[in-house]
Amino acid sequence: MGDVLITPIDLAEQLLGTPPVVLDVRWQLGDFDGRAHYREGHIPGAVYVDLDTELAAPPSGAEGGRHPLPSIEDLQAAARRWGVNDGVPVVVYDDSGNLAAARAWWLLRWAGIADVKLLDGGLAAWRAEGLRTTGGDGGKPKPGTVTLTPGNLPVATIDEVAAGGAILLDARAAERYRGDIEPVDPRAGHIPGALSAPTIENIDDTGRFLPADDLRGRFARLGVEPGPGRDVVVYCGSGVNAAHQIAALAVAGIDATLFPGSFSQWSSDPARPITTGDQP
């Protein structure tokens, strides 16, 4: 999937020339104050993106989970509101190690925008370089004219996941995988056969992605390596953190498929089996 990351210094230099569109995707599970956090401080020129309403369709339980993919028409309308034009690069970030921003990264690439990058380390890395932030609501961008088309990255349906055959990675925290806790979805545990691969292990304590060699080693220990082999499918709670896992796999040179409905869709269907404990 090409280059995944951009450093704060490289982004700052680009902003001095012909700038990319910069999207601020402030969102965390249980935190509904993303726009308020944006107002407190964001990269100059960045446009706030609401993950729940702009990067997802309404929740649909067993039909599509908590964050179904938006229709291409709705996503295109949102991208135009953000000022996105055909052929113009896009950079996305958040303040949580890109665990939310990766949803925008994946979704825009799925919709046909080839040049989308994650700001490595997010807002914390930007600030750590001494770069300026600004507060307030931000200016209203000039409407864009981008044309989006769906299906440029692969997705797996719930029935395809149930059929097996792929290496299935569960990107949620280990305690949710085991079923020790379940803060939001109908049942606790994991999809039978899935391997625990918490997304948080893809980044260091500053929120930056681990080096590519380290990521390759991490995924090799799970039986996932670059090159031909079994397909890799990733899920999480609702298809958000799983996009971050796909980004980490891409940094490691490994292609992977998103199961958008993820565990929120699977656990909403009482006919789907669930396993608890630390084994697949």
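**Salt bridges in a predicted model**

R176 has a relative accessibility of 11% and therefore counts as buried, where buried means under 20% relative accessible area, exposed means over 50%, and partly exposed lies in between, for a 1.4 Å probe and protein chains only. The model is predicted, so local features need pLDDT of at least 70 and side-chain atom pairs count only at pLDDT 80 or more, while totals for chains, interfaces and linings use all residues. Residues are numbered from 1 along each chain as its sequence is written, and side-chain values use heavy atoms, with hydrogens and water left out.

The partner of R176 is E182, and the closest N and O atoms of this salt bridge are 2.9 Å apart; the term stands for a side-chain nitrogen of Lys or Arg within 4 Å of a carboxyl oxygen of Asp or Glu. E182 is buried as well, with a relative accessible area of 18%. Salt bridges with shared partners join R176 and E182 to R66, D170, R172 and D185 in one network.

Counted by this rule, there are 15 salt bridges. One of them pairs R39 with D137, with the closest N and O atoms 2.5 Å apart. R39 belongs to helix α2 (residues 34-40) and D137 to the loop between α6 (122-128) and α7 (158-163), so this pair ties together parts that are 98 residues apart in sequence; helices here are DSSP runs of H or I with at least four residues, numbered from the N terminus. R39 has a relative accessibility of 38% and counts as partly exposed.

A further salt bridge links R272 to D269, where the closest N and O atoms are 3.3 Å apart, and R272 is buried, its relative accessible area being 17%.

Methods: Helices (H or I, at least four residues) and strands (E, at least two) are DSSP runs, numbered from the N terminus.
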